[in-house]
Amino acid sequence: MRSRRKPSARIGRRPSTTREGLSAIGIELFRARGFDETSVDQIAEAAGIARRTFFRYFPSKNAVPWGDFDGHLEQMRAHLDALPGHVPLAEALTSALLDFNTFPESEAALHRDRMDLILRVPALQAYSVVMYEGWRRVIAEYVARRVGAAADDHFPRTVGYLVLGVAMAAYEQWLADDSLALPELLSAGMRALYSGLDAAVPSPDGPDASPSSKKAALQ
C-alpha cells in the first residue's frame, strides 16, 4: 500500500511524545513507503525518539495504526456507564458507537488513512482480531448488565459482534466513497440492526411486491 505523499521532515527530538502523535507519524510513513517497508527504527527516527522509547508506547509496529485504542475503549465504557438506565438498549449502543467514531474534521484525512491501513493491509489482520475482541467486550459487558446476563453469554456476545459489524460496514463504505458521511452510515446501520431484517425488506406478499420477488421467496 503506497501513496505519492512524502513524509514530513522532522529534525531533533519532539518536545513531547504521545501515543496518538507517534501513531500519526507512523501512519504517514506507512502511506508514503508502505507498511511492510517501514521499520520501527524509521518511525522512531521520524519522531525524534530512541527505538527503546518507541516500545514504551507500542508493543509492535502492528499496534501503531490503532493509536491510543485502549484509551478510546475506556472512554466508550465511561460513555455507556454514564447513560441513564431508562435509555433503550439500541439507542444507548447507537450513542456509544457514534461517540466512539466522532473526530474533528481536521483529523478526517488521518483517520481515513488509519482505517484504510487497518482494514486493507494483510499484515495487520491477525492483530486486528485481538483489538476487535477488546472492542466487542466493552459492548458485551454493557449489554450483559442491562439484561442481567454474563458478558460471555450468547446474547451479549452476539450483540457485540453485530454492532462491530455495523461499524465495519460503515467504514468500508466510507472508504469507498468519500462523499458519504460516516455518522450517517453508522446510524443507518444501527437502524437496520434494531429494526430487524424483515423490516428492511418488503414482504413478498405485500402490495408492492413484484411477481419475481414472490417467486424468489418461495425458492
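Helices here are DSSP runs of H or I at least four residues long, numbered from the N terminus. The structure is a predicted model.

**Pockets**

The second largest pocket holds about 200 Å³ of space. Two helices, α6 and α9 (182-195), each supply at least two residues of its lining. The residues that line this pocket are Asn101, Thr102, Phe103, Pro104, Glu105, Ala108, Arg112, Trp174, Asp178, Ala181, Leu182 and Pro183. Seven residues of this lining are nonpolar, two are polar and three are charged.

The largest pocket has a volume of about 520 Å³. It is lined by 22 residues, and those closest to its centre are His72, Phe100, His111, Arg114 and Tyr171. Two or more lining residues come from each of α1 (19-33), α4 (69-82), α6 (108-120), α7 (125-147) and α8 (154-176). The biggest contribution is that of α6, with five residues. By type, the lining of the largest pocket divides into 15 nonpolar, four polar and three charged residues.

**Threonine 38**

Threonine 38 sits in the loop between α1 and α2 (40-47). Is this residue, at 2% relative accessibility, buried or exposed? Threonine 38 counts as buried because its 2% lies under the 20% limit. A polar atom of its side chain lies 2.8 Å from the backbone oxygen of glycine 34. Leaving aside residues up to four places away in sequence, threonine 38 touches Leu29, Phe30, Arg33, Ile43 and Lys61.

**Salt bridges**

The count of salt bridges in the model comes to twelve.

| Aspartate 68 | Arginine 19 | 3.5 Å |

The side chains of aspartate 68 and arginine 19 meet in a salt bridge. This pair links distant parts of the chain, with aspartate 68 in the loop between α3 (51-57) and α4 and arginine 19 in helix α1, 49 residues apart. Aspartate 68 has a relative accessible area of 24%, so it is partly exposed. Arginine 19 is also partly exposed, as its relative accessible area is 30%.

How far apart are glutamate 74 and arginine 77 in helix α4? They are three residues apart, so about one helical turn separates them. Glutamate 74 is partly exposed, at 47% relative accessibility, and arginine 77 is partly exposed, with a relative accessible area of 23%. Both residues belong to one network, in which salt bridges that share partners join Glu74, Arg77, Arg137, Glu141, Asp152 and Arg157.

Key
Residues numbered from 1 in each chain as written. Predicted model: local features only at pLDDT ≥ 70, side-chain atom pairs only at ≥ 80, totals over all residues. Heavy atoms only, no water. 1 Å grid on protein atoms, 1.4 Å probe; cavity = no way out; pocket = protein on both sides within 12 Å on 5 of 7 lines; lining within 4 Å. Points joined across faces, edges and corners; volume = space filled by probe spheres on them. Nonpolar A, V, L, I, M, F, W, Y, C, P; charged D, E, K, R; others polar. Buried < 20%, exposed > 50% of the residue type's maximum accessible area, 1.4 Å probe, protein only. Polar contact = N/O pair within 3.5 Å; in protein donor to acceptor, adjacent residues only side chain to side chain. Contact = heavy atoms within 4.5 Å. Salt bridge = Lys/Arg side-chain N within 4 Å of Asp/Glu carboxyl O.
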